[in-house]
Amino acid sequence: MFGIGTAELIVILVVALIIIGPKKLPDIARAMGRALGEFRRATDEIRENFDLASIDHKPQGKPAAPKPAAPEKTPESSNVNEQKQSPQAEQ
């Protein structure tokens with residue numbers, strides 16, 4: 001339990017009893033118990049929401065393959081086009 005041994009827990013309870021007093025200690029312990037329970041419910045709700053969100057966003061199948069990039073024009077291909085156009089321009 002949080003790395004606290006029995007002896008340390010008893011010392012903490014005795015100090016709390018001395019500081020707070022025997023009349024207010026049960027009320028404070030009850031309030032702390034309620035706060036801890038509410039905190040647990042809130043964290044469980046958040047954890048459940050994250051679990052549901054992760055289920056909704058899981059991919060159904062294989063992801064789509066990226067489209068191949070358009071071929072780049074090289075200087076050689078532009079020279080070929082110029083050579084083809086040259087004889088036509090002379091006629």
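**Helices, patch and salt bridges**

Me: Where is methionine 32 found, and is its side of the story buried or exposed?
Reply: Methionine 32 is found in helix H2. This is a predicted model, where local features need pLDDT of at least 70, side-chain atom pairs count only at pLDDT 80 or more, and totals for chains, interfaces and linings use all residues. Residues are numbered from 1 along each chain as its sequence is written, and side-chain values use heavy atoms, with hydrogens and water left out. Because its relative accessible area is 57%, and buried means under 20%, exposed over 50% and partly exposed in between (1.4 Å probe, protein chains only), methionine 32 is exposed.

Me: What is the secondary structure of the protein, and which pattern does it follow?
Reply: Helices (H or I, at least four residues) and strands (E, at least two) are DSSP runs, numbered from the N terminus. The protein has three helices and zero strands. Read along the sequence, the pattern is α-α-α.

Me: Which helix gives the largest share of the nonpolar patch?
Reply: The patch covers about 850 Å² and includes Ile10, Val11, Ile28 and Met32. Patch residues have over 30% relative accessible area and no salt bridge; like charges are joined within 9 Å, nonpolar side chains (Val, Leu, Ile, Met, Phe, Trp, Tyr) within 5 Å. Helix H1 (6–20) and helix H2 (25–56) each supply at least two residues. The largest share, seven residues, comes from H1.

Me: How far apart are the end C-alpha atoms of H1?
Reply: The expected span of a helix is 1.5 Å times one less than its number of residues. H1 has 15 residues, so it should span 21 Å. The model agrees: the end C-alpha atoms are apart by 21 Å.

Me: Which residue just after H1 takes a positive phi?
Reply: The phi is about 100 degrees. The residue is glycine 21.

Me: Which residue meets aspartate 27 in a salt bridge?
Reply: A salt bridge is a side-chain nitrogen of Lys or Arg within 4 Å of a carboxyl oxygen of Asp or Glu. The structure holds two. Here the N to O distance is 3.0 Å, and both residues lie in helix H2, three residues apart. The partner of aspartate 27 is arginine 30.

Me: What is the N to O distance between arginine 47 and aspartate 44?
Reply: Both lie in helix H2, about one turn of the helix apart. Aspartate 44 counts as partly exposed, at 42% relative accessibility. The two side chains meet in a salt bridge, N to O, at 3.2 Å.

Notes:
Accessible areas come from the Shrake-Rupley method with a 1.4 Å probe; for residues, only the protein chains shown count as cover.
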